[in-house]
Amino acid sequence: MPQDQYDAIVIGAGSAGCALANRLSANPRMSVLLVEAGPRDWNPFIHIPAGISKTYVHPTLNWGYMTEPQPHLDNRAIYWPRGRTLGGSSAINGMIYIRGQAQDYDDWEAAGCHGWGWNDVLPAYRALERHIDGASAWHGDQGELTITHPRFRHPSSEDFIDACRAAGYPLTPDFNGADQHGAGFYQFTIKDGMRASSAAAFLRPAKGRANLTVLTGAQAERILFEGTRACGVSLFHLGQARTIRAGEVILSAGAVNSPQLLLLSGVGPAQQLRDLGIEVVHDLPGVGENLHDHMLVQHLSEVAADKSINRQMRGPRLVPEVLRYLLKRDGLLTIGASQAAAFLKSDPALDRPDIQLMFKPYTIEMSPAAKIVPGARPGWTTAASPLRPKSRGWLRLRSADWREPPLMQPNFLADPDDERLMVAGLRMMRRIFAEQPVAAIARETLPGATVQSDEDLLAFARVNSGSMFHPVGTCRMGSDAGAVVDPRLLVRGLSGLRVADASVMPAIVSGNTNAAAIMIGARAGNMILADA
């Protein structure tokens, strides 16, 4: 059981929160409470990389959010899985490790996030990495987070990369190296064939520290204030409310739950709060604004059975793969969400890629029990995602009850440039699939031969596109009046309160967001120790 007071309370044991708690508790003089709404990460499907098919809609490990209907996506509500266990979304994600482009961070700094340029964040990345290739100018090898290449490379992934080269696109050995541009294999947060979640990487080494308490199954109801200073948290734990005081409170609950908790605590747009009967502690209009996310559109194709892993992952054919994994920690069960990828330019004149392509040597479908299963027919899935979407939305409270999920409106495809890039991504995939060796192997099934014009491709995207599950931006960092936190991650206008997770990103990074969230948590820990 937790004590009544700590030097620091971290709310949310996800990608950022675990790294943050690790850094803070490294100082034995600082007492730290890490609060997680979900259970401990004991479920075996968390740790088997291919177990993402089981956690994708898991009732206890996943918040299972739905966005508001999307006016530019045929009025569809979009599913948003978010992790609800130790490790947060790093415990249920595809384990892909992408830091983004150097210019992403330089753009943050230029927008008022002083100290967050590429030259500032690269040392932080190197400090947390334990890269399988060893130390270099781009990577570290003494950190907690293991970064590896795929243990198992399916030949069809090689075929996709070869077709990218035949289509005139460059190849790259490292999407996190000197140049992201090109096709190649992803790197993964997988260690010895098992998921290296933020909890596995950062909490396990710290679990013996007497100054670190980890509390699971505890829902934060609101932040407590004395005037404009945060002084603690009200928690709902074991069926009852409990108050715990702190010298500093840090929200690391993610781009959905961090702004939700600020709003429930009376920090946000004053009129919205008054309309819900919430007492206003601090009028901060930016809370919940700037919500955005990567979206994707898929290209599906049929292939011969030996070119896909669909049949090997179904029924009795799965048994040898299970045995291979148990005995060697190898094989199909070690693969992440995708294997091969390409970061490409929609226009050769651009100075950096603006579209991400992802290749999977399989297809998936939803079972009647709402579970992800391999498709019945062998095939491939390729997807295109604009890297820096311009569409912006918002998050607001549904009610003053903390049990109610908030209203989430990412406003996908609201910007015409995002529409253009979705069409460009579909055309890129077709260009690649027209080249050998894949042209002789794969037959397109979606969008299909009848969908050819830009208008038809955009209409296809409106009906068939979805999220990459990278919501960010709802507690935007900056130096302007609209920012929620300053570059030290302190909530503007208040004291004793910070936010450290993907919600502080002023603009999404060019690629998967988990690495950046972990980096933000680790840097926040260093900042807090330095400020203390």
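These legends go with a set of close-up views of a predicted model.

**View 1. Helix α5 crosses helix α13.** Here we're looking at α5, residues 118–128, packed on α13, residues 514–531. Their axes sit 10 Å apart and meet at an angle of about 95°, so α5 is roughly perpendicular to α13. On the α5 side, the contact is made by Asp120, Val121, Ala124, Tyr125 and Leu128. Their partners in α13 are Ala515, Ala516, Ile518, Met519, Ala522 and Arg523. Sort the residues of this contact by type and you get nine nonpolar, two charged and no polar.

**View 2. Helix α4 packs on helix α5.** Move over to α4 and α5, and the packing angle is about 125°, with the axes 8 Å apart. That makes α4 oblique to α5. From α4, Ala102, Tyr105, Asp106 and Glu109 reach across to Trp118, Asp120, Val121 and Tyr125 in α5. This contact splits into five nonpolar and three charged residues, with no polar ones. Asp120, Val121 and Tyr125 of α5 turn up here, and they also belong to the contact with α13.

**View 3. The buried face of α4.** Helix α4 runs over residues 102–110, and its Asp104, Tyr105 and Trp108 are buried. Looking down the helix axis, these buried residues fall within an arc of 90°, so they line one face of α4. As a reminder, an α-helix has 3.6 residues a turn, so residues three or four places apart point the same way. Among the elements covering the buried residues of α4 are α5 and α13. Keep an eye on the end of the helix too: just after α4, glycine 112 takes a positive phi of about 110°.

**View 4. The buried face of α12.** In α12, residues 454–464, the buried residues are Leu457, Leu458, Phe460 and Ala461. Seen down the axis they fall within an arc of 155°, so this set also lines one face of its helix. What do the buried residues of α12 pack against? They pack against strand β17 (295–302), helix α11 (416–433) and strand β25 (443–446).

**View 5. Inside the nonpolar cores.** The largest nonpolar core has 131 residues, and the members that touch the most others are Trp116, Leu262, Ile432, Leu489 and Leu497. Zoom in on isoleucine 432: leaving aside residues up to four places away in sequence, it touches Phe160, Ala163, Cys164, Ala167, Tyr169, Leu344, Leu357 and Val438. There's a second, separate core of 16 residues, and Ile52, Ile190, Ala337 and Met468 are included in it.

View 6. Proline 2 lies in the segment before β1 (5–11). Its relative accessibility is 7%, so proline 2 counts as buried. Setting aside residues up to four places away in sequence, proline 2 touches Leu33, Thr213, Leu215, Arg242 and Ile244. Proline 2 and leucine 212 are 210 residues apart along the chain, with 10.0 Å between their C-alpha atoms. Now compare proline 348, found in the loop between β18 (340–344) and β19 (355–360). At 76% relative accessibility, proline 348 counts as exposed. Its C-alpha atom is separated by 28 Å from that of valine 121, 227 residues away along the chain.

Definitions and conventions. Residues numbered from 1 in each chain as written. Predicted model: local features only at pLDDT ≥ 70, side-chain atom pairs only at ≥ 80, totals over all residues. Heavy atoms only, no water. Axes fitted to C-alpha atoms, helices over the stretch in contact; angles between N-to-C directions. Helix = DSSP H or I, 4+ residues; strand = E, 2+ residues; numbered from the N terminus. Parallel < 35°, antiparallel > 145°, perpendicular 65-115°, else oblique. Contact = heavy atoms within 4.5 Å. Nonpolar A, V, L, I, M, F, W, Y, C, P; charged D, E, K, R; others polar. Buried < 20%, exposed > 50% of the residue type's maximum accessible area, 1.4 Å probe, protein only. Arc of directions from axis to C-beta. Core = buried A, V, L, I, M, F, W, Y, C linked by side-chain atoms within 4.5 Å.
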